[in-house]
Amino acid sequence: MILILGLIILIAAVAVGLAGVFGNTGAGHDLGIGGDFSIFGYHATGSTGSLFLSGIIVGAAALLGLTLVVMGARRSARRSARARRDVDTSRREAAAVDREREREREHDDLSKQRDDARTETAAPVADTDTPRRRGHWFGHRTAPR
């Protein structure tokens, strides 16, 4: 809003200044004694001092408009920078959550593998193809020949 108001004031001041300069050229518009000055059809009679004062007012209006434009641009830039910072922060947080989920998934996979390995070693599968032999205390006994 400030930016738009500043642009309007600045454009109006520039238009008045340019109309004053380009509308009053030539020898017929000297500000000597009895000379007049016109802006948008309004004829201002008076001294050079009153014309100078009018120029100061138009310049001040242009400066005010330019100041408002710069303030609005800075405000927009700060708002954009804050939004970019917030987006970067949320992306980093999301990446951290994703990494944590991946670690939990890997931990769950390893736990499942460990549990599967424990169940396999806890309940050995009986081999029905080979006959069971009776074991000896000190290994296999070889039969004498």
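**Confidence first**

Modeller: The mean pLDDT of the chain is 78, and 64% of its residues reach 70 or more. The pLDDT is the predictor's confidence in each residue, from 0 to 100. This is a predicted model, where local features need pLDDT of at least 70, side-chain atom pairs count only at pLDDT 80 or more, and totals for chains, interfaces and linings use all residues. Residues are numbered from 1 along each chain as its sequence is written, and side-chain values use heavy atoms, with hydrogens and water left out.

Biologist: Where in the chain is confidence lowest, and where is it highest?

Modeller: Confidence is lowest in strand E1 (residues 36-39), with a mean of 65, and highest in H2, with 87.

Biologist: Let's do the surface. Which residues form the positive patch?

Modeller: That one is built from Arg74, Arg75, Arg78, Arg79, Arg82, Arg84 and Arg85. Patches are made of residues with over 30% relative accessible area and no salt bridge, with like charges joined within 9 Å and nonpolar side chains (Val, Leu, Ile, Met, Phe, Trp, Tyr) within 5 Å. Lys and Arg count as positive and Asp and Glu as negative, while His and the chain ends are not counted. The place of a charge is taken as NZ of Lys, CZ of Arg, CG of Asp or CD of Glu.

Biologist: Pick one, say Arg82. Which helix is Arg82 in?

Modeller: Arg82 is in helix H2 (residues 48-122). With a relative accessible area of 45%, Arg82 is partly exposed.

Biologist: What about a negative patch? Which residues form that?

Modeller: Glu104, Glu106, Asp108 and Asp109 do. Glu104 also lies in helix H2, and Glu104 is partly exposed at 44% relative accessibility.

Biologist: And which residues make the nonpolar patch?

Modeller: Val14, Leu18, Val21 and Phe22 make it, and the patch covers about 400 Å². Accessible areas come from the Shrake-Rupley method with a 1.4 Å probe, and for residues only the protein chains shown count as cover. Val14 sits in helix H1 (residues 2-22) and is partly exposed at 41% relative accessibility.

Biologist: Switching to charge pairs. How many salt bridges does the structure hold?

Modeller: The structure holds 3. A salt bridge is a side-chain nitrogen of Lys or Arg within 4 Å of a carboxyl oxygen of Asp or Glu. Side chains of opposite charge can pair when their charged atoms come close.

Biologist: Which side chain does Glu100 meet in a salt bridge?

Modeller: Glu100 pairs with Arg103, at 3.5 Å from N to O. They are 3 residues apart in helix H2, so about one helical turn separates Glu100 and Arg103. Glu100 is partly exposed, with a relative accessible area of 37%, whereas Arg103 counts as exposed at 52%.

Biologist: And the one with Glu102: what is the partner there?

Modeller: The partner is Arg105, at 2.8 Å from N to O. Glu102 and Arg105 are 3 residues apart in helix H2, which means about one helical turn between them. Glu102 is partly exposed at 36% relative accessibility, and Arg105 is partly exposed at 45%.

Biologist: Which residues are in the remaining bridge?

Modeller: Asp115 and Arg114, at 4.0 Å from N to O. Asp115 is partly exposed at 37% relative accessibility, and Arg114 is partly exposed at 42%.

Biologist: Last topic, the start of the chain. Is Met1 buried or exposed?

Modeller: Met1 counts as exposed, at 82% relative accessibility. Met1 lies in the segment before H1. The C-alpha atoms of Met1 and Val69 are separated by 9.8 Å, although the two residues are 68 residues apart along the chain.

Biologist: And how far apart in space are Ala73 and Ile2?

Modeller: They are 9.0 Å apart, C-alpha to C-alpha, and 71 residues apart in sequence. Ala73 is in helix H2, and Ala73 is partly exposed with a relative accessible area of 41%.

Definitions and conventions: Helices (H or I, at least four residues) and strands (E, at least two) are DSSP runs, numbered from the N terminus. Buried means under 20% relative accessible area, exposed over 50%, partly exposed in between (1.4 Å probe, protein chains only).
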